[in-house]
Amino acid sequence: MPSLRTISHENGVSLNTAIQAYYELEKEGFIIACPKSRYIVNYKPLRQSVPETTQPPVRFAGEEDEDLITKVYSSIEDMSVTRFSLGVPEDVLLPIAKINKELTKAMCSLPGNGTRYEDP
């Protein structure tokens, strides 16, 4: 594996970012740290557990689409149900500061402050 300084230089990131990335890889078992020497790839297969499968109930004959829609909307408050269609990532997972910075940069540099659809 490349050294921390090489990773930092080649990817244009700080040394602390490279250290954190290697730490995460080591924590997940992808690499092994050799103290004061180097990092090596861990070739041992990861032992991941098989996810559980569910057995959803069979749709009852005669159950109307409107009844199903009502069930979905009535389950919105149920925290044990994961609703992927309503999913919105938490703010901490989004790079809000970077997005705002790039939007401001675009508004300052683009013609019409970035509101034009076509070139003038």
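Figure 1. Leaving aside its neighbours within four places in sequence, Ser8 touches Val13, Ser14, Leu15 and Ala18, where contact means heavy atoms within 4.5 Å. Ser8 lies in helix α1, and with a relative accessible area of 12% it is buried, a word that stands for under 20% relative accessible area, while exposed stands for over 50% and partly exposed for what lies in between (1.4 Å probe, protein chains only). The model shown here is predicted, so that local features need pLDDT of at least 70 and side-chain atom pairs count only at pLDDT 80 or more, although totals for chains, interfaces and linings use all residues. Residues are numbered from 1 along each chain as its sequence is written, and side-chain values use heavy atoms, with hydrogens and water left out.

Figure 2. Helix α1 spans residues 4–11, and Leu4, Ile7 and Ser8 are buried in it. These residues are on the same side of α1 because they cover an arc of only 100 degrees around the axis, the arc being that of the directions from the helix axis to the C-beta atoms. The face turned away from this buried side carries the exposed residues Arg5, His9 and Glu10. The cover over the buried residues of α1 includes α2 (15–27) and β2 (38–41); helices (H or I, at least four residues) and strands (E, at least two) are DSSP runs, numbered from the N terminus. After α1 comes Gly12, which has a positive phi, near 65 degrees.

**Figure 3. The largest nonpolar core.** This core has 5 residues in all, namely Leu4, Ile7, Ala18, Tyr22 and Ile31, and α1 and α2 each supply at least two residues of it. A nonpolar core is a set of buried Ala, Val, Leu, Ile, Met, Phe, Trp, Tyr and Cys residues joined through side-chain atoms within 4.5 Å. When neighbours within four places in sequence are left aside, Leu4 is in contact with Leu15, Ala18, Ile19, Tyr22 and Tyr39.

**Figure 4. Phe30 and a nonpolar surface patch.** Met1, Leu25, Phe30, Val41 and Tyr43 make a nonpolar surface patch of about 510 Å². Such a patch is made of residues with over 30% relative accessible area and no salt bridge, its nonpolar side chains (Val, Leu, Ile, Met, Phe, Trp, Tyr) being joined within 5 Å; a salt bridge is a side-chain nitrogen of Lys or Arg within 4 Å of a carboxyl oxygen of Asp or Glu. Areas come from the Shrake-Rupley method with a 1.4 Å probe. Phe30 sits in the loop between α2 and β1 (31–34), and it counts as partly exposed because its relative accessibility is 41%.

Technical notes:
Patches are made of residues with over 30% relative accessible area and no salt bridge: like charges are joined within 9 Å, nonpolar side chains (Val, Leu, Ile, Met, Phe, Trp, Tyr) within 5 Å.
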